[in-house]
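This report describes one protein model in plain terms. Look at the sequence and the structure first, then read on.

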Amino acid sequence: MNRNVLLALLGALLLHIGYFLVQLLIGIVQTFFYQPQFAPTDVVLQSEVAFGFVSRGTPLFLLASYFLAALVLFMMLKTKESLKRKV
């Protein structure tokens with residue numbers, strides 16, 4: 001059981017790291033391909049930057065999503081283990 005808990009926590013951590021890396025990669029790609037849109041009447045240049053990402057929500061939401069993902073992964077590992085025993 002301890003092994004399942006550790007695997008679930010590690011899996012949830014990897015999922016969250018992957019999520020933030022994908023968000024960062026999307027920001028980098030948007031920055032690389034950014035082209036300002038000018039209208040003939042515009043005098044001021046745009047200063048919009050697409051690099052980076054915004055993490056929405058409170059830190060408690062991030063913590064809760066981490067533990068919820070770990071719980072779901074733990075339940076999946078436990079179900080897999082119980083199905084193996086029945087066979």
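## A buried tyrosine and its partner

Tyr-66 counts as buried, at 19% relative accessibility. The classes are these: buried is under 20% relative accessible area, exposed is over 50%, and partly exposed is in between, with a 1.4 Å probe and protein chains only. Phe-67 counts as partly exposed, at 48%.

How many aromatic pairs are there? The count comes to three. Rings of Phe, Tyr and Trp (its six-membered ring) pair if their centres lie within 6.5 Å; planes under 30 degrees apart count as stacked, over 60 as edge-to-face, and the rest as tilted. One of the pairs is Tyr-19 with Phe-20, which is edge-to-face, with 5.4 Å from centre to centre and 70° between the planes. Phe-20 is partly exposed, with a relative accessible area of 22%. Tyr-66 and Phe-67 form an edge-to-face pair as well, at 5.3 Å centre to centre and 70° between the planes.

## Basis of the values

The model is predicted: local features need pLDDT of at least 70 and side-chain atom pairs count only at pLDDT 80 or more, while totals for chains, interfaces and linings use all residues. Residues are numbered from 1 along each chain as its sequence is written, and side-chain values use heavy atoms, with hydrogens and water left out.

## Helix α1

Helix α1 covers residues 2-32, which makes 31 residues. Helices (H or I, at least four residues) and strands (E, at least two) are DSSP runs, numbered from the N terminus. From the first C-alpha to the last, α1 reaches 45 Å, close to the 45 Å expected at 1.5 Å a residue. The expected span is 1.5 Å times one less than the number of residues.

The buried residues of α1 are Asn-4, Ala-8, Gly-11, Ala-12, His-16 and Gly-27, and what covers them includes α2. Asn-4 has a relative accessible area of 6%. Leaving aside neighbours within four places in sequence, Asn-4 is in contact (heavy atoms within 4.5 Å) with Phe-74, Leu-77, Lys-78 and Glu-81.

## A nonpolar patch

Leu-10, Leu-13, Leu-14, Ile-17, Leu-21, Leu-24 and Ile-28 make a nonpolar surface patch of about 600 Å². Patches are made of residues with over 30% relative accessible area and no salt bridge; like charges are joined within 9 Å, and nonpolar side chains (Val, Leu, Ile, Met, Phe, Trp, Tyr) within 5 Å. Accessible areas come from the Shrake-Rupley method with a 1.4 Å probe, and for residues only the protein chains shown count as cover. Ile-17 is found in helix α1 and counts as partly exposed, at 40% relative accessibility.

A salt bridge is a side-chain nitrogen of Lys or Arg within 4 Å of a carboxyl oxygen of Asp or Glu. The count comes to two. Lys-78 forms one with Glu-81, where the closest N and O atoms are 3.8 Å apart. In the other, the side chains of Arg-85 and Glu-81 meet at 2.9 Å, N to O.

An α-helix has 3.6 residues a turn, so residues three or four places apart point the same way.

Lys-78 is partly exposed, with a relative accessible area of 31%. Glu-81 is partly exposed, at 24%, whereas Arg-85 is exposed, at 63%.
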